[in-house]
Amino acid sequence: MNLNAIEIKAFVPAKDFEISKRFYTDIGFTKKSEGDGVAYFAFQNTSFLLQDYYSKEFAENLTMHLLVDSADNWYNSFVEKALTKKYSMRLTAPEKRQWKMIDFTFQDPAGVCWRIGQNI
């Protein structure tokens, strides 16, 4: 028996679907498709599904992790685009971690925590 996997994607909740779609486009993802309350977002070989569904408890307890080649570049992109002001989002500065990563966090408009990190 030969088992293969192609992809795994998380369903990310949206408190306000339209605002969240704009937010994810602003941070660099491309909306590839949309239908039936689900929008497919991708950046290079990474992707997730944004859903027009919101549960405060679910959103505020979900963490997404994006591994990148430069956490500083991603962080600087957020700062240059003034995303904290535009979306009233929480954004932490990149920090060197004991688990051999540099990373930072932000919260999307629904309260989902994202951790963007690079291996060191």
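A salt bridge is a side-chain nitrogen of Lys or Arg within 4 Å of a carboxyl oxygen of Asp or Glu. I kept this definition at hand while I looked through the structure, which is a predicted model.

**Entry 1: the count.** I looked up the salt bridges and noted that the structure holds nine.

**Entry 2: K21 and E34.** I found that the side chains of K21 and E34 form a salt bridge, with 2.7 Å from N to O. The two partners belong to distant parts of the chain: K21 is in helix α1, E34 is in strand β2 (residues 30–35), and 13 residues separate them. I noted that helix α1 covers residues 17–27.

Entry 3: Is K21 buried or exposed? I recorded K21 as buried, because its relative accessible area is 9% and buried means under 20%. E34 is partly exposed, at 39%. Leaving aside residues up to four places away in sequence, I listed K31, E34, A39, F41 and L50 as touching K21.

**Entry 4: a network.** I noted that K21 and E34 are linked with E18 and K31 in a network of salt bridges.

**Entry 5: D103.** Which residues form a salt bridge with D103? I found R97, with the closest N and O atoms 2.6 Å apart, and R115, with the closest N and O atoms 2.8 Å apart. D103 lies in strand β7 (residues 101–107) and R115 in strand β8 (residues 113–119), so this pair ties together parts that are 12 residues apart in sequence. I recorded D103 as buried, with a relative accessible area of 0%, whereas R115 is partly exposed, at 24%.

Note on methods
Residues are numbered from 1 along each chain as its sequence is written. This is a predicted model: local features need pLDDT of at least 70, side-chain atom pairs count only at pLDDT 80 or more; totals for chains, interfaces and linings use all residues. Side-chain values use heavy atoms; hydrogens and water are left out. Helices (H or I, at least four residues) and strands (E, at least two) are DSSP runs, numbered from the N terminus. Contact means heavy atoms within 4.5 Å. Buried means under 20% relative accessible area, exposed over 50%, partly exposed in between (1.4 Å probe, protein chains only).
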